[in-house]
Amino acid sequence: NISFHPFAESYSPLIIFLFHTPAFVKYIFILFANIALARKSCEEELFDIEKYLTGIFYLTSDIVIENKNDVLFKTKDNAFNGVLDGKGHTIYSLNLSNDEDLLSFVGYLGKRGTIRNLNFKEAYYESENKTAVVGGIVAYNYGNITNCNFSGYILQCKKPINESKYICAHDSGKIIESKHQVIEPKNSNSITDVASEDDNIQ
């Protein structure tokens, strides 16, 4: 169940504005997801945005990721062409790992897509595919990434990726006022064969 409530901003960490345009009618439908009634965790609500290729989504609080381990919008045909506005909030502890063709928070950001005002801290990614496209926030960017910050550590086949990919791996759009910080996890006993800076995967 999802609750609709005109004053649910203080209850829900992710408020979803959905735009739907039938053949002859255009209207704005405002969906406020109230977690208490929907019985969904903050992270479930965040990852639910994959159900919508367009729309405006914004966070109203920080989110700590505990269970989710998947890439959003994995294919170009299903690229995200909406807006994800973090409102300055932070996604903590996003841990992603796979051996697939791409690894990132968002796989494809379309030409009309925007991710803005969003921070990532204590993120840790590890790809086991040496030919995979690996990025911090976005793998393939055709849209806009604005005022976003990514702090964490990303490995590809046990080696740290090039720092230039911590925001986006392949950029064909715009990246504005976005920064990254490479921070190796304190518990790195499982990390072996870490490359030197000159040996980073390009």
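How many aromatic pairs does the structure hold? In this predicted model, the count comes to eight aromatic pairs. A pair of aromatic rings is described by two things, the distance of the centres and the angle of the planes. Two of the pairs are worth a slow look.

The rings of F57 and F80 form a tilted pair, with 5.9 Å from centre to centre and 55 degrees between the planes. F57 belongs to strand β3 (residues 56-59), whereas F80 sits in the loop between β4 (63-64) and β5 (83-85), so this pair ties together parts that are 23 residues apart in sequence. Buried means under 20% relative accessible area. F57 has a relative accessibility of 0% and therefore counts as buried. F80 is buried as well, because its relative accessible area is 1%.

The second pair joins F120 and F150, whose ring centres are 5.8 Å apart and whose planes meet at 40 degrees, so this pair is also tilted. Here both partners come from strands: F120 lies in β11 and F150 in β15, so the pair ties together parts that are 30 residues apart in sequence. With a relative accessibility of 1%, F120 counts as buried. F150, also with a relative accessible area of 1%, is buried too.

β11 is mostly covered, as seven of its nine residues are buried. What does β11 pair with over seven bridges? The partner is β15, and the two strands pair in the parallel sense. Within this pairing, S127 has Q156 in β15 as its bridge partner.

β11 also runs parallel to β7, to which it is joined by four bridges. Strand β7 (residues 95-98) has two faces: L96 and N98 make up the covered one, while N95 and S97 make up the uncovered one. A further parallel pairing links β11 with strand β6 (residues 90-92) through three bridges. In that pairing, T90 is found opposite N119 in β11.

The next topic is the largest pocket, which has a volume of about 170 Å³. Its lining consists of N95, E122, A123, Y124, S151, G152, Y153, I183, E184, P185 and K186. The elements that give two or more residues to this lining are β11 (119-127) and β15 (149-156). Sorted by class, the lining has five nonpolar, three polar and three charged residues.

Finally, three other strands deserve a mention. They form an open sheet in the order β9-β13-β17, with parallel pairing. Which strands are the edge strands of this sheet? They are β9 (106-109) and β17 (168-171), each of which pairs on one side only. On average, neighbouring strands of the sheet are turned by 10 degrees against each other, direction ignored. Strand β13 (residues 138-141) is joined to β17 by three bridges, and these two strands run parallel. Across this pairing, Y140 stands opposite H170 in β17.

Note on methods: Residues numbered from 1 in each chain as written. Predicted model: local features only at pLDDT ≥ 70, side-chain atom pairs only at ≥ 80, totals over all residues. Heavy atoms only, no water. 1 Å grid on protein atoms, 1.4 Å probe; cavity = no way out; pocket = protein on both sides within 12 Å on 5 of 7 lines; lining within 4 Å. Points joined across faces, edges and corners; volume = space filled by probe spheres on them. Nonpolar A, V, L, I, M, F, W, Y, C, P; charged D, E, K, R; others polar. Pairing = 2+ DSSP bridges. Axes fitted to C-alpha atoms, helices over the stretch in contact; angles between N-to-C directions. Phe/Tyr/Trp six-rings, centres within 6.5 Å; stacked < 30°, edge-to-face > 60°. Buried < 20%, exposed > 50% of the residue type's maximum accessible area, 1.4 Å probe, protein only.
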